[in-house]
Amino acid sequence: MRLSAQGVGHRYRERVVLSGVELTVAGGELLAVAGPNGAGKSTLLRRLSGTLRGPGVVLIDGADLSRLPSRALAQRLTMLEQEVPADLAFRVEELVLLGRHPHRARLGPPSPRDRAAVHRAMEAMGILDLAPRPFSQLSGGERRKVLLAAVLAQEPQVLLLDEPTAHLDVHHQLEIMSLLSRLTGDGRAVLCALHDLNLAAAFAHRLLLLKDGRVVALGPPGEVLTRELLRDVFGVEAVVTRSPATGRPFAHFFIPTRAAAPNPWPETIHPGHLA
Amino acid sequence: MTGTVYLVLGALLVGGVLAGLGLGTTPIPAGRLLAYAVGDRDALSPAELLIVGRIRLPRVLFGLLVGGALAVAGGVMQGLFRNPLASPYTLGLAGGASAGAAVVITTGLAQGRLWALPGGAFLGAAASALAVGALARTRKGTPPLALILAGIALASLLSAVTGALIYFANPQEKGAILVWTMGGLDRATPAALAYLVPLVVGGIVVVLAFARDLDILALGDEQASHMGIVPGRVRFVLLGATTIMTAAAVATAGPIGFVGLIVPHALRLVLGPSHARLLAASALAGGAFLVWADLGARLVLRPVELPVGLITAFLGVPFFLYLLRRGVAQ
Amino acid sequence: MKVRKVVLTFVAVAVVLGAFIGAATPPQRVVVAGIPLYSEILISLGLLDRIVGVADSPENPPEVAGLPRVGPVWHPSLEAIVALSPDLVLGPPPLLRDQLESLGVATFSGGGEDMWITDILEVLATIEQVGQLMGVAREAQILTGEIAKAILALEAKVLGRERPSAAVLYLYDPAGAPYVAGRGTPEDEVISRGGGVNAFRDLDGYVQVGVETILARDPAVLFVGTGQRDNLVRHVTLSVLTAVREGRVFEIAASHLVSTRVAEVLEAVARALHPAAFAEGK
């Protein structure tokens, strides 16, 4: 199972938001995509999922993604968007069943295989007890888990996720990232866009840094999470150590000082005076 | 719960059909109807057979088809526009059909020609839908909000056109147009049934085949496209199917209101949002609803017949009051 | 002294005579702001040249074709009427009548209290009243006399014969339920006087009944509006009516019901209901 991007880019109204992306992800790998706001993370994911068209070609096991019919593609690859809809009246199990759509005939009841996939997905997400509850009554974290279960029920070989941990508390963040990690153990490829660099470093096999639509670095966290790259891409000063909790690289960020800039509030506040 | 609902709907449907066939100027007990149906050819006299077979049966079938089509179309529109107040006429179909009928009546084309009036109404409805679609199209597709606004604009225009045609018509034509716009099931000719059956049944099948797609669209266009749905295509197919079903129904029955609004909305409160279940139940419930409403239209002021659209409008009032009490803020 | 008395007397007599003559001068400029009946009456009384404007109606007699229009018959225009400086306006609807009277223009509408002419007696009364207003009372009486005579003659012809059931239907296309004329309508009166029985005399006015009801009552003779015979003969369900199958469907000119030509319609109806009575010759 192999997903590769060759010279992939995207324009939005005369502006180049992504260009020249080359990468290959194989089954069993978790790749995290990081970068500043507007660097093109979501755009890259949507190019890889086939939702957006643009220069370059995306291949899944050698087949051109853009030429695959929508249903055939959805049977092998799927993406979970960042926004979680709020006002759905579906019950949880109904919603997870929707993920089976690419595998089902147009008319007819769910097959035993469908039901098994739904059950497996909900079990993996730990939400079996939520099955009969209405989606609109769940908390933010629970909703994201339900949607994740729905795309899991789709049984994709490639799973793309846009900020799967956004707005979640630390417990849920770790829970979801652990789950994604376990998924790669089944031979799936997982790509996710993450804001939290340390979370990415803790779980990903490789890290991809984007800046202004171009790939700046791609490699294991130890190689990518460096002072120089962090300064260059994010404009922040950091010290990178090895985390005693995870054994992975961990960046400690300095609060930026404005010593060189003129103090707009002379005789009142000096940043250096903050204890 | 779902089982109970289907049971109740089935009972209402069968009851409505038997009542529709048995009640009227010559009441015929259900027992004899059923006896005839199972083979006892002596159960009905020739006169009764004439009434049941040539008048009441086409009318009941008509009611089932038109009611079912309008309810399913209404349910689809409510799902596509994510708005519980959407109806089959949101794209201006009622206005187009009325204008088409008014043109046919005032030009005298309807005299002696069975096809003129339904043909004119159908063309009017179809033209209106195409105009709305064309007005709402942008470079990047056809956003639902644009469709709604274009539908409102066109409905206003067509209302003015129909009003003008009514104003300049002679008193008899005025009456004919006004009565037509109130909707009625008394035009159930075998020819009308012949074209209605394939269009409505076909339309409902297509809609049910895309019912799951409609569910998935609720997750947002982007997420839906990851799950194998092409949102633009689904909207096109569903809008096309509902337009054809609604135009076919309205062409002969006139714009009957509230069926497409009340039935799917009420069923959603009971059955939940899954469209496969909702739309299948709407087809049955809409048919039963209209058959019972028509019974009211025929019997309330016997022997004078009211347009069935008046009855459905009256039934709409308590429904909306109920919604008001319950709080529409959902 | 004597001269003054003569002059005063002369002036007094002249004033009284002038008022008398003024009051006695019939209207010279008449506007018909209502149904064509009024135009017909004026034409029959030889007063076509006094009509200065008419309301537009498809049933207007051909003689008024070139005259100025004051709007459609269901919505005449006050301004258009007043612009013609009429001294009498015939048949205006109630609101218009009030407006005209408040402007000092004389009006007249037949039909008694409700100003709605629905039977032959009201037609005859209207003819006489218009005749009086126009100063041709004697000619009007002659006209009403002729019409009454014709009607009575027709009624005599069908007297004592068995009355078949009949109905007047109005339908505008070969599908749907028609309007039937119940009691209180000119159609109902014409059926009765023509020697028939209105199958829908239990209903009031013009109503739309279901086809089932029509089939159940199965009138022996059917009348329809002009040009509507095809709609009935080709009707999906009503074509099975006995009258249709046996060829007893007749078109009548509904516009001649509330009209000076009402005797013509009555004759057509009587002939349809009792062909034997007319076959015997006069």
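Arg277(B) and Glu94(A) form a salt bridge (a side-chain nitrogen of Lys or Arg within 4 Å of a carboxyl oxygen of Asp or Glu), with their closest N and O atoms 3.0 Å apart. The model is predicted, so that local features need pLDDT of at least 70 and side-chain atom pairs count only at pLDDT 80 or more, whereas totals for chains, interfaces and linings use all residues. Residues are numbered from 1 along each chain as its sequence is written, chains are lettered from A in the order in which they are written, and side-chain values use heavy atoms, without hydrogens and water.

**Extent of the A–B interface**
- Chain A contributes 30 residues and chain B 21 residues to the contact, contact meaning heavy atoms within 4.5 Å.
- About 2,100 Å² is buried between chain A and chain B, 58% of it from carbon and sulfur atoms; buried area is the accessible area (1.4 Å probe) lost by two parts on being put together, summed over both.
- Leu98(A), His101(A) and Arg106(A) supply 29% of the area that chain A buries against chain B, more than any other three residues.

- Two salt bridges are counted between chain A and chain B.

**The side of chain A that touches chain B**
- By class, this side has 15 nonpolar (Ala, Val, Leu, Ile, Met, Phe, Trp, Tyr, Cys and Pro), seven charged (Asp, Glu, Lys and Arg) and eight polar residues (the others, Gly among them).

**Other chain pairs**
- Of the two pairs of chains in contact, chains B and C share the most contacts.
- Chain A and chain C are joined by no contact, and their closest C-alpha atoms lie 39 Å apart.
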